[in-house]
Amino acid sequence: MTVDDRFSRDFQEMRADRPIGTRNEIVTGPVSDWATDFSHTESEWAADPYRIQDELRQRCPIAHTERFGGGWLPTRYEDVAAIAYDTDRFSSRAIIMGNFRPPPELAPIGGSPPISSDPPFHHHARKLLLPAFTKHAVARREAATRAFCHALIDALEGEDVVDAARDYAQHIPMRVIADMLGFPPEDGPRFRAFIEGVLEGVNLPPDERLGRMDNLFDYLLAQIHDHVGNPRDDLTTYLINVEFGGQKLSSSHVAGTMALLLIAGIDTTWSAIGASLWHLAKTPADRERLVADPGLLPTAMEELLRAYAPVTMARLVKEDMSWNGVDMKADDWILLSFPAANRDPAQFDRAGEVVIDREVNRHAAFGLGIHRCVGSHLARMELRVALEVWLERIPDFGLADPAAVTWASGQVRGPRTLPLRIG
Amino acid sequence: MKVKIDSERCQGHGRCYDLAPDLFGADDEGYGQVIGDSTVPEGQERATSLAASNCPERAIEILQEA
């Protein structure tokens, strides 16, 4: 292969014709009333969103905020499901609720297809990814993932207190996704900076936020160039070469999908592994039961996914409308909280408790409808293997200092500092 | 007892083939499929109802024979 014209312009040039969206005033600081002024970026939310959501479900149940240029937070399972299914009235052209809205012309493709895409384009963009992420396809990565988990535990040898988020959970999805995309495994620390830039920097000044996004796309473009020159058996080469409707993908589609896989593939699973270990560290009865009966893990894992679902999505309202008793305006955000849906007592018995042998568990941790997490089978494999290896190697552990645990703020929630006393 | 998957509703979560692998499989894109004809073999009734009650999309329909 010689030069692929699609990637000969660099992103500097592409940025020049980036579509102009709308920006709003950035409002931060303590929330006065969660029903009228909610913010998923404040520390109170990061520390414990469930108490807030449970109260709102009783009071509202759809909360509002003027922050982020205006948005809504449904807290009942029924409302979250209805919005997830209603792609006619709610657009995915932006899925991170912040202070910038991309212009309507960006639909139906969006910046990171297919998560940012609306029908009918969505279907085609998603179809390209599905075969690589089936349960069968991801099972081929299980042995390598298990070996990697063991190597991480080997490296903890001799320590009394370890940070399970920093030294264990985060590395597992980083390695798996780097392998799948064909990126150098030693670039892991850079991925973390990209993730923080995209998901956690929502209240930064817009230019700084765009700058962080540019760093990510510069990195992706370098990887694309490397793969155009040296094609290999990985997802990057696949996306560069794949065709639909007789045409290869545009450069922005290739890079946008790579960005999605990199960001969404790491932060989420890292959070699920960390939150599960946090729960087991503070709940000796559940930990001892799983150590004694490893066969219960697949059932327990679903319950941990329900109770500590890491991912909240966002939508934009397409047109002014009255929806379930509230007046939504075009371009209002919807903060689509699958964690809130998963703790709705109308949908789950003992919704606020972790019942590790819960057999009927129709949870929505991976979303509902056409945007069901494309990586859900991969995430489940990584979470299961990560917990199996940890429980096998370190059956006895507890929180070293409960107050030292920190949680990511924003739309992906999980422990970022998790000191555990082991042995 | 018979079982079917509503392919309009199925989004490929795969809970059915996780919970009842003898009865459900995945197609090349991960969408659920009933293995064989739609009749639930004896002894598989519980696994079938478990799969149905765990499907996030409510895509599995169980038909009791008269």
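**View 1. Cavities of the predicted model.** Three cavities of 30 Å³ or more are held by the structure, a cavity being a set of points, on a 1 Å grid over the protein atoms alone, where a 1.4 Å probe fits but cannot get out. This is a predicted model, in which local features need pLDDT of at least 70 and side-chain atom pairs count only at pLDDT 80 or more, while totals for chains, interfaces and linings use all residues. Residues are numbered from 1 along each chain as its sequence is written, and chains are lettered from A in the order in which they are written.

**View 2. The largest cavity.** Its volume, the space filled by probe spheres set on the grid points, is about 100 Å³. The lining of the largest cavity comprises 15 residues (each with an atom within 4 Å of a point), and B:Cys10, B:His13, B:Gly14, B:Cys16 and B:Cys55 lie nearest its centre.

**View 3. The second largest cavity.** With a volume of about 70 Å³, the second largest cavity is lined by 13 residues, of which A:Trp45, A:Pro49, A:Thr312, A:Pro339 and A:Arg413 lie nearest its centre.

**View 4. The interface of chain B and chain A.** Chain B brings 21 residues and chain A 22 residues to the contact, which is defined by heavy atoms within 4.5 Å. Four salt bridges are found across this interface, each a side-chain nitrogen of Lys or Arg within 4 Å of a carboxyl oxygen of Asp or Glu. A:Lys135 and B:Asp18 form a salt bridge through their side chains, at 2.6 Å from N to O.

Notes: Side-chain values use heavy atoms; hydrogens and water are left out. On a 1 Å grid over the protein atoms alone, a cavity is a set of points where a 1.4 Å probe fits but cannot get out, and a pocket is an open set with protein on both sides within 12 Å along at least five of seven lines; lining residues have an atom within 4 Å of a point.
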